[in-house]
Amino acid sequence: MKTKPVLTLTDVNAILDAAQQEAEANGWAVTIAVADDGGHLLGLRRLDGAAPMTPDVATQKARSAALGRKETQVFEEMINGGRNAFLSAPLQGLLSGGVPVLVDSEVAGTVGVSGVKPDQDVQIARAGIAALG
């Protein structure tokens, strides 16, 4: 039987704490979502001042990164590059800001961030993931 890496509650809290620190250090009001490898929400943190729509967007980015097994920036670039048919894919978070948590090249979970520019969302997500070492 195959085993796979999974995120623990300790991992989720470490990601949320580090991502929040990155956002606050830059004065960014965002929502951070952490999901398991199937896109199911494990943790959500909406920072003060984050827009009301950001929890849903961050959650969908995390879900799309999990189901697609790649950064959501890839999907956004495909669509912006003219592959408009991908808009009919059964995913909602096709914007930059969803990043997989990889352990031994396997997706253990994902982080989705919403609230600032796309590269800033990614920066926050990666800072959270970096807390896992």
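**Fold and packing of the predicted chain**

Arginine 69 lies in the loop between α2 and α3. Helices here are DSSP runs of H or I with at least four residues, strands are DSSP runs of E with at least two, and both are numbered from the N terminus. Arginine 69 is not a glycine, yet its phi is positive, at about 60°. The residue is partly exposed, with a relative accessible area of 43%. Buried means under 20% relative accessible area, exposed means over 50%, and partly exposed lies in between, with a 1.4 Å probe and protein chains only.

The model is predicted: local features need pLDDT of at least 70, side-chain atom pairs count only at pLDDT 80 or more, and totals for chains, interfaces and linings use all residues. Residues are numbered from 1 along each chain as its sequence is written, and side-chain values use heavy atoms, with hydrogens and water left out.

The protein chain holds four helices and four strands. From the N terminus on, their order is α-β-β-α-α-β-β-α. The C-alpha atoms fill a box of roughly 45 × 40 × 20 Å along the principal axes. The radius of gyration of the protein chain is 14 Å, which agrees with the value near 14 Å for a compact globule of 133 residues. This radius is taken over C-alpha atoms, and the globule rule is 2.2 Å times the number of residues to the power 0.38. Buried residues account for 47% of the 133 residues. Among contacts between residues at least 6 apart in sequence, 64% join residues at least 24 apart. A contact means heavy atoms within 4.5 Å.

The strands form an open sheet of four, in the order β2-β1-β4-β3, with antiparallel pairing. β2 and β3 stand at the edges with a single partner strand each, so one side of each has no neighbour in the sheet. Neighbouring strands are turned by 15° against each other on average, direction ignored. Two strands count as paired if DSSP finds at least two bridges between them.

Strand β1 (residues 31–36) runs antiparallel to β2 (residues 41–46), and five bridges join them. Alanine 33 stands opposite leucine 44 in β2. β1 and β2 form a hairpin with four residues between them. Glycine 39, in the turn, has a positive phi of about 90°. β3 and β4 also run antiparallel, joined by six bridges. Valine 103 faces glutamate 106 of β4 in this pairing, standing opposite. Serine 105 sits in the loop between β3 and β4. Serine 105 is exposed, with a relative accessible area of 71%. Its phi is positive, about 65°, although it is not a glycine.

Helices lie across the sheet strands. α1 lies across β1, β2, β3 and β4, at about 25° to β2. Helix α2 (residues 54–68) also lies across β1, β2, β3 and β4, at about 155° to β4. For these angles, axes are lines fitted to C-alpha atoms, for helices over the stretch in contact, and values run from 0 to 180 degrees between N-to-C directions.

The largest nonpolar core has 20 residues, of which Leu7, Val30, Ile32, Val34, Val111, Val113 and Ile124 touch the most other members. At least two residues each come from α1 (9–25), β1, β3 (98–103), β4 (106–114) and α4 (118–130). α1 gives the most, with five residues. Another core, of six residues, lies apart from it and has Phe75, Ile79, Leu91 and Leu94 among them. A nonpolar core is a set of buried Ala, Val, Leu, Ile, Met, Phe, Trp, Tyr and Cys residues joined through side-chain atoms within 4.5 Å. Not counting residues up to four places away in sequence, isoleucine 124 touches Ala19, Glu22, Ala23, Trp28, Val30, Ile32, Val113 and Val116.

Helix α3 (residues 72–80) has Thr72, Phe75, Glu76 and Ile79 buried. They cover an arc of only 100° around the axis, which puts them on the same side of α3. The arc is that of the directions from the helix axis to the C-beta atoms. The buried residues of α3 pack against α2 and β3. Glycine 82 follows α3 and has a positive phi, near 110°.

Lysine 2 is found in the segment before α1. Lysine 2 is exposed, with a relative accessible area of 66%. Lysine 2 and arginine 46 are 44 residues apart in sequence and 36 Å apart in space, C-alpha to C-alpha.
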